[in-house]
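This report describes selected local features of one protein model. Please look over the sequence and the structure before reading on.

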Amino acid sequence: MEPLVSPVGSHNEWDPLEEIVVGRLDGATIPSAHPVVASNLPPWAARLQGIAAGFRYPRFLVERAQDELDRFIALLQSFGVTVRRPDPVDHKRRFGTPDWSSRGFCSACPRDCMLVIGDEIIETPMAWPCRYFDTHPYRTLLKDYFRRGARWTAAPKPQLTDALFDADYRPPEAGEPVRRIVTEFEPVFDAADFVRAGRDLFVTPSNVTNRMGIEWLRRHLGSGYRIHEIESRSRRPMHIDTTFLPLAPGKVMVNPEYVDVDRLPAVLRSWEILIAPEPDPIDHRLLKLTSMCGKWLNMNVLVLDGHRVVAERHHTGMLRALERWGFEPVPCDLLHYAPFGGSFHCATLDVRRRGALESYFS
């Protein structure tokens, strides 16, 4: 019997893209109220979210985002990329454990709940109770990839009891030390707090990723990989792809508001540090009110092949910066996806990129 050739294989953020999972908006539900959800929102937005928790997203918001998502998928396919999708599910259904119950959220961001390392897909132990079953809409895909030769791993399912969350947490004021709401009670992490550069991974500890979670992944991957921490100055840290994003070998884009370039890991000294431009202002009041992602979504780009980069059409400053840095920007619209958790990088999970595992640092 001939050995299976895994359909999964992705080692970094820039090799030529061949297959990708793109999120889905069907059944999207405003997240159930919880301190860990509120920790990533300004106080006024947290109050608004608490009032609307458990309701469907407004239809007109979904329709605008869906139209942009359809166009984005068509763009990927026009470049020869195979696009896979999760199953539609009703996220309004309630579920629970012996300790708590919640409704779901949405399937918009596969980048959060699954981490691809080589031929392995790792289901992550997420800190938001409403995302406890985030990978279930992807089970059809996961089982297909496994049957065809991929490795499929799930990190330990967290308990998510009150012991995981700091009851006295409040976002730090300007000039105060960084604080995070998750304790070290058990391992938790979102895959979107990691980016890959071959044998080196970079991570930001955040309000959904603790050091116990980082250590779990470090031990799981073993000595063939190194994990480096990126310090974030964000008052509400969550997900690295609006903070620090490698675009090609030797080139990494950083957020000047969140990152002190003088404190980056020493391995990056030989790399070109690309300072992200200030995001273009968004005049749409509703998008400002409903976005869960902050203003730096202009950084949330998707690299197609180390040269072409899909970026938000609205953020002309980013498009011009990519050209200055030697890339070919591919403008696309996904502005209305922000209320569901992100933009191009968040909305996708690159399952296969054409390239071998390499070390880009000495």
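Leu-319 is part of helix H8, which covers residues 316–324; helices (H or I, at least four residues) and strands (E, at least two) are DSSP runs, numbered from the N terminus. This is a predicted model, in which local features need pLDDT of at least 70 and side-chain atom pairs count only at pLDDT 80 or more, while totals for chains, interfaces and linings use all residues. Residues are numbered from 1 along each chain as its sequence is written, and side-chain values use heavy atoms, with hydrogens and water left out.

**Leu-319**

With a relative accessibility of 12%, Leu-319 counts as buried; the term buried means under 20% relative accessible area, exposed means over 50%, and partly exposed lies in between (1.4 Å probe, protein chains only). Apart from neighbours within four places in sequence, Leu-319 has contacts with Ala-311, Glu-312, Arg-313, Pro-329 and Pro-331, where contact means heavy atoms within 4.5 Å. Val-309 is 10 residues away from Leu-319 along the chain, and their C-alpha atoms are 9.2 Å apart.

**Ser-206**

The loop between strand S9 (200–203) and helix H6 (211–221) holds Ser-206. Ser-206 is buried, at a relative accessible area of 0%. Neighbours within four places in sequence aside, the residues in contact with Ser-206 are Arg-180, Val-182, Asp-193, Pro-237 and Met-238. The side chains of Ser-206 and Asp-193 are joined by a polar contact of 2.6 Å. A polar contact is a pair of N or O atoms within 3.5 Å; within protein, one must be able to donate a hydrogen and the other to accept it, and residues adjacent in sequence count only if both atoms are side-chain atoms. The Ser-206 side chain also reaches the backbone nitrogen of Val-208, at 3.1 Å.

**A three-stranded sheet**

An open sheet is formed by three strands in the order S11-S12-S13, with mixed pairing. Its edge strands, S11 (244–248) and S13, each pair on one side only. Two strands pair if DSSP finds at least two bridges between them. S11 and S12 are joined by four bridges in the antiparallel sense, and Pro-246 has Val-252 in S12 as its bridge partner.

**Aromatic rings**

Rings of Phe, Tyr and Trp (its six-membered ring) pair if their centres lie within 6.5 Å; planes under 30 degrees apart count as stacked, over 60 as edge-to-face and the rest as tilted. By this rule there are 16 aromatic pairs. Two of these pairs are listed here.

| Pair | Centre to centre | Angle between planes | Type |
|---|---|---|---|
| Phe-146 and Trp-152 | 6.1 Å | 65° | edge-to-face |
| Trp-271 and Phe-361 | 4.8 Å | 15° | stacked |

One aromatic cluster is made up of Trp-14, Phe-202, Phe-244, Trp-271, Tyr-360 and Phe-361.

Which residue lies over the face of Tyr-132? That residue is Lys-157, at 4.7 Å from the ring centre. A charge sits over a ring if NZ of Lys or CZ of Arg is within 6 Å of the ring centre and within 35 degrees of the ring normal. Lys-251 lies over the face of Phe-327, at 5.1 Å from the ring centre.
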